[in-house]
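The following note sets out numbered points on the model shown below. It is intended to be read alongside the sequence and the coordinates.

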Amino acid sequence: MTAIIQIENLSKQYGSGTKALSDVSLDIQEGEIIALLGPNGAGKTTLISVICGLVVPTGGTVRVGGHDIRTDWRAARKLIGLVPQEIALEPFEKVMNCVRFTRGLYGEGPDDAYIEQVLRSLALWDKRDAATRELSGGMKRRVLIAKALAHRPKVLFLDEPTAGVDVALRREMWEVVDRLRREGVTIILTTHYLEEAEEMADRIGVINHGRLLLVRPTSELMGEFGRKTLTIEVTQPLAAIPDDLAGRGLHLSPDGRSLTYDYDTRADRTGIARLLGDLAGQGIMVRDVSTRQSSLEEVFMTLVSEPRQEVTA
Amino acid sequence: MSGINWPGVRAIFHHEMTRFFRTITQSLLSPVVSTVLYFVVFGAAIGGRIQSVEGVEYGAFIVPGLMMLTILQQSVSNASFGIYFPKFSGTIYEYLVSPVGWIEVTLGFVGAAAAKAVLIALVILGTSFFFVGVHILHPVWMLGFLVLTATAFSLLGFIIGLWAKNFEQLQIVPMMVITPLVFLGGAFYSADMLPPFWEGVAKLNPVLYLISGFRWSFFGLADVPVGVSLVAVGLMIALCCAAIRWIFATGWRLRE
């Protein structure tokens with residue numbers, strides 16, 4: 001795969017002195033979905049805004065499809081579609097005209113057949129003649145996506161695409177993103193919903209204090225940083241945890257039928273083998289064993305609370 | 001010029017004109033009513049006591065001034081509102097992330113604002129035919145001055161819209177600067193009618209040169225040479241273009 005976006009040593013310091021981005025470097029491959037995670041003010045939106053042309057960087061370079069965003073900005077921007085975080089639409093404009101307008105801005109001639117296809121794929125075709133102010137919040141967000149797709153971009157930025165939308169609509173958005181992925185569109189999204197990143201992204205980047213802490217394939221990140229919980233079901237209910245097993249971090253369920261044990265997958269010794277041996281030594285018969293991966297939220301909290309780490313892009 | 005994104009210019013121009021035609025009645029009715037009132041007050045009531053100005057019937061004499069007053073007000077307000085509204089609603093991001101630069105955005109917004117202002121001025125000219133007999137000596141020059149002046153003041157309005165941070169700022173420059181300059185720029189009188197000192201002061205007013213040139217195209221009468229009027233409007237267009245180019249290059253009040 002080739003990198004469609006190449007970010008090198010990107011920095012942004014605002015006039016107020018706030019450092020929003022510090023020396024960020026990242027390659028984004030064509031056709032992948034990358035999720036940028038980070039707490040409020042981490043620098044996610046600034047990163048997107050710099051690439052799209054809304055914010056002027058103070059250092060570093062960004063190339064989109066090989067075009068520098070500052071010296072060859074027209075060619076670079078033609079490849080990009082942006083769905084902003086805030087819903088910003090002309091209230092009196094009809095949906096169809098909104099999308100036509102964006103297509104024109106990108107230097108494309110009229111193509112109502114393609115716009116119809118986009119609106120149908122976003123379940124907006126029936127609303128094509130409605131003024132945007134008449135639409136629900138979810139529909140308005142879909143209009144923003146339709147506008148961002150109006151010129152067939154190769155790269156789509158989704159800044160908090162499901163912020164403030166209900167669960168059903170969030171699922172609907174995920175389906176839209178999945179469809180775009182299948183069409184080969186490279187997608188960069190920022191999100192607060194860690195479940196969203198876990199569900200959709202091929203890779204996850206974690207940003208905090210303007211620094212890209214890490215970028216890893218989602219599955220690798222989950223495996224590498226994930227905590228797991230081992231649940232041991234016993235054949236005979238236990239009244240209490242035996243004294244010899246105290247201090248191991250074991251928890252007994254109220255019915256006495258299962259023991260749970262949290263462990264770190266990164267540790268050299270997880271202590272599972274020894275625990276199972278000791279249980280057998282105590283004459284406790286194990287009926288079943290299962291493990292549960294910790295959620296990305298827990299992974300994320302672990303990362304941002306740990307001391308700053310080196311970037312791995 | 002081949003690098004210009006013409007579909008982008010067309011999209012902005014069309015978008016702005018659509019907004020104008022969506023409120024066509026309001027857009028046209030208000031200036032027409034105002035003009036009728038000016039004719040009633042200045043033309044009929046006061047004009048009855050003034051026989052003629054430099055051989056031109058007073059009612060006809062004020063037609064270029066009224067058209068110029070409308071052109072200036074409409075150009076500034078259309079262009080300033082045109083670019084301020086996307087800033088207010090947040091849709092400005094579209095212009096900043098798409099492959100349109102200062103030339104395309106300016107051509108689209110200023111072109112539309114000037115086109116609207118010229119259209120309204122021509123409607124006012126048509127209205128004036130119901131009140132006075134107006135003969136246009138140089139119709140091509142008249143149209144030329146109309147378009148150039150509309151362009152110059154649309155550019156100024158565009159800068160005001162880029163500069164404004166709220167609706168109050170958006171209205172304060174047209175109200176406090178443009179309107180007084182028009183009234184003091186010979187819209188309803190010839191600068192020759194003023195005492196020598198005030199005639200000298202009036203000649204410091206750039207709007208006087210525009211109205212003078214425009215009136216010349218109607219009656220062949222001018223307070224200042226026509227060439228000076230053309231240079232004045234050309235200079236204003238050049239200065240405004242330079243300012244807009246600077247705003248877009250630095251991102252002042254547009255990009256962070």
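1. Gly81(A) stands opposite Leu156(A) in β7(A), and Leu82(A) is placed opposite Phe157(A) in that strand. The pairing of β6(A) (residues 80–83) with β7(A) (residues 155–159) is parallel and runs over four bridges. Strands here are DSSP E runs of at least two residues and helices are H or I runs of at least four, numbered from the N terminus; two strands pair if DSSP finds at least two bridges between them.

2. The model is predicted: local features need pLDDT of at least 70, side-chain atom pairs count only at pLDDT 80 or more, and totals for chains, interfaces and linings use all residues. Residues are numbered from 1 along each chain as its sequence is written, with chains lettered from A and ligands numbered from 1 in the order in which they are written.

3. In a regular strand, side chains alternate between the two faces of the sheet. From β6(A), Ile80(A) and Leu82(A) point one way, while Gly81(A) and Val83(A) point the other way, and all are buried. A residue is buried if 20 or more other C-beta atoms lie within 10 Å of its own, exposed if 12 or fewer, and partly exposed in between, with C-beta atoms placed from the backbone.

4. β6(A) belongs to an open sheet of six strands with mixed pairing, in the order β6-β7-β8-β3-β9-β10 (chain A). Its edges are β6(A) and β10(A) (211–217); each has a single partner strand, so one side of each is left without a neighbour in the sheet. The twist from one strand to the next averages 15°. Helix α5(A) (residues 137–149) lies across β6(A) and β7(A), running at about 170° to β6(A). Axes are lines fitted to C-alpha atoms, for helices over the stretch in contact, and angles run from 0 to 180 degrees between N-to-C directions.

5. A second open sheet, of four strands, has the order β12-β13-β11-β14 (chain A) and antiparallel pairing. Here β12(A) (250–252) and β14(A) (286–293) stand at the edges with a single partner strand each, so one side of each lacks a neighbour in the sheet. β11(A) (residues 227–234) pairs with β14(A) over seven bridges in the antiparallel sense; Leu230(A) has Thr291(A) as its bridge partner.

6. The largest nonpolar core has 144 residues, of which Val64(A), Ala146(A), Phe157(A) and Met68(B) touch the most other members. Such a core is a set of buried Ala, Val, Leu, Ile, Met, Phe, Trp, Tyr and Cys residues joined through C-beta atoms within 7 Å. The largest share of this core, 16 residues, comes from α3(B).

7. Which elements cover the buried residues of α1(B)? They include α3(A) (95–105) together with α3(B) (58–89) and α5(B) (102–128). Among the buried residues of α1(B) (residues 6–22) are Phe13(B), His15(B) and Glu16(B).

8. At the interface, 20 residues of chain B are in contact (C-beta atoms, placed from the backbone, within 7 Å) with 25 residues of chain A. The largest share of the chain B side, six residues, comes from α1(B).

Terms used. Contact = placed C-beta atoms within 7 Å.
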